[in-house]
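Here's a request: take a slow look at the protein below before reading on.

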Amino acid sequence: MLQLSLQLALLLFTVALLLSFYRLILGPSNADRILALDTLYINSISLIVLAGILLDSALFFETALLIAVLGFVSTVALCKFLLRGDIME
């Protein structure tokens with residue numbers, strides 16, 4: 001039952017990942033693209049964590065943590081660039 005639930009969750013997060021990528025490419029504004037990029041990171045982290053549970057490997061969790069940190073920093077940098085025009089003050 002757990003295997004079936006994990007596989008279903010992997011499928012649904014993959015669909016969400018594709019929809020986020022679609023919004024990232026065709027977003028009507030830059031703010032929408034930044035939000036799509038942030039959602040893309042979150043969906044990819046979810047996929048990696050689910051794969052780690054499914055394959056019973058701790059390496060996936062460390063990878064998910066690294067992607068989470070990079071995603072947060074890049075989202076903050078892109079938002080700051082969008083609001084102020086530069087990243088460093």
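## A serine in the middle helix

Ser-44 sits in helix 2; a helix here is a DSSP run of H or I with at least four residues, a strand is a run of E with at least two, and both are numbered from the N terminus. Ser-44 is buried, with a relative accessible area of 18%. Buried means under 20% relative accessible area, exposed means over 50%, and partly exposed is in between, using a 1.4 Å probe and protein chains only.

Which residues does Ser-44 touch, leaving out those up to four places away in sequence? They are Leu-17 and Ile-67, where contact means heavy atoms within 4.5 Å.

## What kind of model this is

Keep in mind that this is a predicted model, in which local features need pLDDT of at least 70, side-chain atom pairs count only at pLDDT 80 or more, and totals for chains, interfaces and linings use all residues. Residues are numbered from 1 along each chain as its sequence is written, and side-chain values use heavy atoms, with hydrogens and water left out.

## The overall picture

How many helices and strands does the protein chain have? The count is 3 helices and 0 strands, and from the N terminus on the order is α-α-α. The radius of gyration is 15 Å, well over the 12 Å that the globule rule gives for 89 residues, so the chain is more spread out than a compact globule. (That radius is taken over C-alpha atoms, and the globule rule is 2.2 Å times the number of residues to the power 0.38.) Along its principal axes, the C-alpha trace spans about 50 × 25 × 15 Å.

Of the 89 residues, 24% count as buried. The accessible surface comes to about 6,300 Å², and 75% of that belongs to carbon and sulfur atoms; these areas come from the Shrake-Rupley method with a 1.4 Å probe, and for residues only the protein chains shown count as cover. Now take the contacts with a separation of 6 or more: residues 24 or more positions apart account for 45% of them.

## The nonpolar core

Which residues make up the largest nonpolar core? There are 5 residues in all: Leu-6, Ala-9, Leu-10, Leu-47 and Leu-50. Helix 1 (2–26) and helix 2 (30–55) are the elements that give two or more residues to this core, and helix 1 gives the most, with 3 residues. A nonpolar core is a set of buried Ala, Val, Leu, Ile, Met, Phe, Trp, Tyr and Cys residues joined through side-chain atoms within 4.5 Å. In soluble globular proteins, nonpolar side chains tend to be buried together.

Not counting residues up to four places away in sequence, Leu-6 touches Leu-50, Ile-53 and Leu-54.

## More stops along helix 1

Gln-3 is in helix 1 and counts as partly exposed, at 44% relative accessibility. Gln-3 and Ile-53 are 50 residues apart in sequence, but their C-alpha atoms are 9.6 Å apart in space.

Is Leu-18 buried or exposed? Leu-18, also found in helix 1, is exposed, with a relative accessible area of 57%. Ser-20 is in helix 1 as well, but Ser-20 counts as buried, at 7% relative accessibility. Leaving aside neighbours within four places in sequence, Ser-20 is in contact with Ala-36, Thr-39, Leu-40 and Asn-43.

## The loops

Gly-27 lies in the loop between helix 1 and helix 2, and at 6% relative accessibility Gly-27 counts as buried.

Asp-56 lies in the loop between helix 2 and helix 3 and is exposed, with a relative accessible area of 71%. The phi of Asp-56 is near 55°, a positive value in a residue other than glycine. Most residues other than glycine have a negative phi.

## Over to helix 3

Where is Leu-82? Leu-82 lies in helix 3 (residues 59–84) and is partly exposed, with a relative accessible area of 40%. The C-alpha atoms of Leu-82 and Ser-5, 77 residues apart along the chain, are separated by 39 Å.
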